[in-house]
Amino acid sequence: MAKSTFHNARVAGIACTLPENEVSTEAIASVLGLPPRRIVAMTGIEKRRVAPPHICASDLCADATERLLATLGWKKESIEALIFVSQTPDYILPATACTLQHRLGLSKECASFDVNQGCSGYIYGLWLASSLVETGLQRVLLLVGDTLNRISSEEDKSVAFLFGDSGSATAMERIPATSHFILGTDGGGAGNLIIEAGQCRQRPNSVNSLRVEVEGGKRSPTELFMDGSEVMAFTLREVPPLFEQLLGYAGLQRSQLDGIVMHQANKFLIENLARKIDMPLELIPLSLSEFGNTSCASIPVTISACLREVVSAKSLTLALLGFGVGWSWSACTLSLNSISTPEIAFLK
Amino acid sequence: MNNEDKLHRDLEEMLELDPASLKGDEALETLNWDSMAVVMFIAMADKNYGVAVNVSDVRSAKNVADLYALISK
């Protein structure tokens, strides 16, 4: 099992930038002929931020990074590695991390690479950044963001009102701090959250780029397919034991946690997961109503939206849980102690 | 209340049907049964009956009695 403990990797700050453009669930539901009340009750999503065509995840992450570095007072030449976690990179190649190194003005001695993960991606990124810091680097930037609306069909009822676009930047530094991680994979579930065409297995062409009638609306093979029922079954099956393993591995009792920040899949799923892991909803912050399911950045978005004032003033012991596309899952415990958290900004 | 009656009451609440209206032989397609209902049933089976139902089995269910068979396994 992939378990790691770190003693010298501290989160110094978290910043998030979202698109200014806002779309209400009510508006999209009326277009699709769905009852908005039932959708909002189930998903918890009242509105979302949707990136216009000229804004990519990298743009949102770059803005968050500039503001975070300014708040921290970190010089750009002090950054030794940049990790970009996303399923919506700018290009197939080169790695978007390389383009971000250049546009952010980071040193040429900075290692830069992309990671393709979604719902579990933030914790994967923290795990990688912590590994780099623990083994010698002084400062690492973790940029995590997605613009899933760009690759989803607004005519597909299973996803049209779900995703919010977002970008985040997290600064890691080599300072004593303890964290515990557990990660896992079941690629047998790959087909339940997938974009089948558009890369190398099925190159995009005039046929697979066309939307066709599917259950619940219209979607092309180059757009996101999600089986929400399988997502629910997978989550209830895999995440509760993951949480128990994490508590045991970290040597923590439930009562020692100040909060659990989960991937913001949807409200119904999170409420059921809270029940299964025996944790009160009061300890599980939600950013869904305002920002929707913000994919890989949903954990930093939720920290920024719901815990900003607390984590900037004192220490919180948190469990983070990520689960979904892959199937992939990740969990960690860590303390956020007086970290820099600029307010969420919105990009035009 | 036995488990079958309990399931009927749970389904009535979940699908916003008239109380005490379900008998067991109702076709799901007549009961607001859609993809969202499948998600809700998976959660309900777990919460109220402690059963991890198979998604494809739920999708294959034709009537209320089929759902009862799934939570009775």
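Helix α4 (residues 96-103) of chain A lies across β5, β6 and β7 of chain A. The helix runs at about 130° to β5(A). Helices (H or I, at least four residues) and strands (E, at least two) are DSSP runs, numbered from the N terminus. Axes are lines fitted to C-alpha atoms, for helices over the stretch in contact, and angles run from 0 to 180 degrees between N-to-C directions.

This is a predicted model: local features need pLDDT of at least 70, side-chain atom pairs count only at pLDDT 80 or more, and totals for chains, interfaces and linings use all residues. Residues are numbered from 1 along each chain as its sequence is written, while chains are lettered from A and ligands numbered from 1 in the order in which they are written.

## The sheet

Six strands of chain A form an open sheet, in the order β6-β5-β7-β8-β2-β17. The pairing is mixed. Two strands pair if DSSP finds at least two bridges between them. The edges are β6 (111-115) and β17 (345-347) of chain A, and each pairs on one side only. On average, neighbouring strands are turned by 20° against each other, direction ignored.

Strands of a sheet pair through backbone hydrogen bonds, either parallel or antiparallel. Strand β2 (residues 10-19) of chain A runs parallel to β17(A), joined by three bridges. There, A:Pro19 has A:Leu347 as its bridge partner. β2(A) also runs antiparallel to β8(A), through seven bridges. In β8(A), A:Thr170 stands opposite A:Ile14. β7(A) and β8(A) are antiparallel too, with eight bridges. A:Val144 faces A:Ser168 of β8(A) across the pairing.

## A covered strand

Is β8(A) mostly covered or mostly open? It is mostly covered: eight of its eight residues are buried. Buried means that 20 or more other C-beta atoms lie within 10 Å of a residue's own; exposed means 12 or fewer, and partly exposed lies in between, with C-beta atoms placed from the backbone.

In a regular strand the side chains alternate between the two faces of the sheet. Both faces of β8(A) are covered. A:Ser166, A:Ser168, A:Thr170 and A:Met172 are buried on one side. A:Gly167, A:Ala169, A:Ala171 and A:Glu173 are buried on the other.

## The nonpolar core

In soluble globular proteins, nonpolar side chains tend to be buried together. The largest nonpolar core here has 127 residues. Such a core is a set of buried Ala, Val, Leu, Ile, Met, Phe, Trp, Tyr and Cys residues joined through C-beta atoms within 7 Å. Those with the most contacts inside it are A:Leu82, A:Ile83, A:Leu143, A:Ala331 and B:Ile42. Helix α6(A) gives the largest share, 10 residues.

Contact means that the C-beta atoms of two residues, placed from the backbone, lie within 7 Å. Not counting residues up to four places away in sequence, A:Leu82 touches several residues, including A:Ala97, A:Leu100 and A:Leu143.

A:Val239 sits in helix α6 of chain A. Why is A:Val239 called buried? Because 22 other C-beta atoms lie within 10 Å of A:Val239. Leaving aside neighbours within four places in sequence, A:Val239 is in contact with A:Leu273, A:Leu321, A:Phe323 and A:Trp329. A:Trp329 is 90 residues away along the chain, yet the C-alpha atoms of the pair are separated by 7.7 Å.

## Where the chains meet

The contact takes 13 residues from chain A and 10 residues from chain B. On the chain A side, α6 (228-250) and α7 (267-276) each supply at least two residues. The largest share of that side, seven residues, comes from α6(A).
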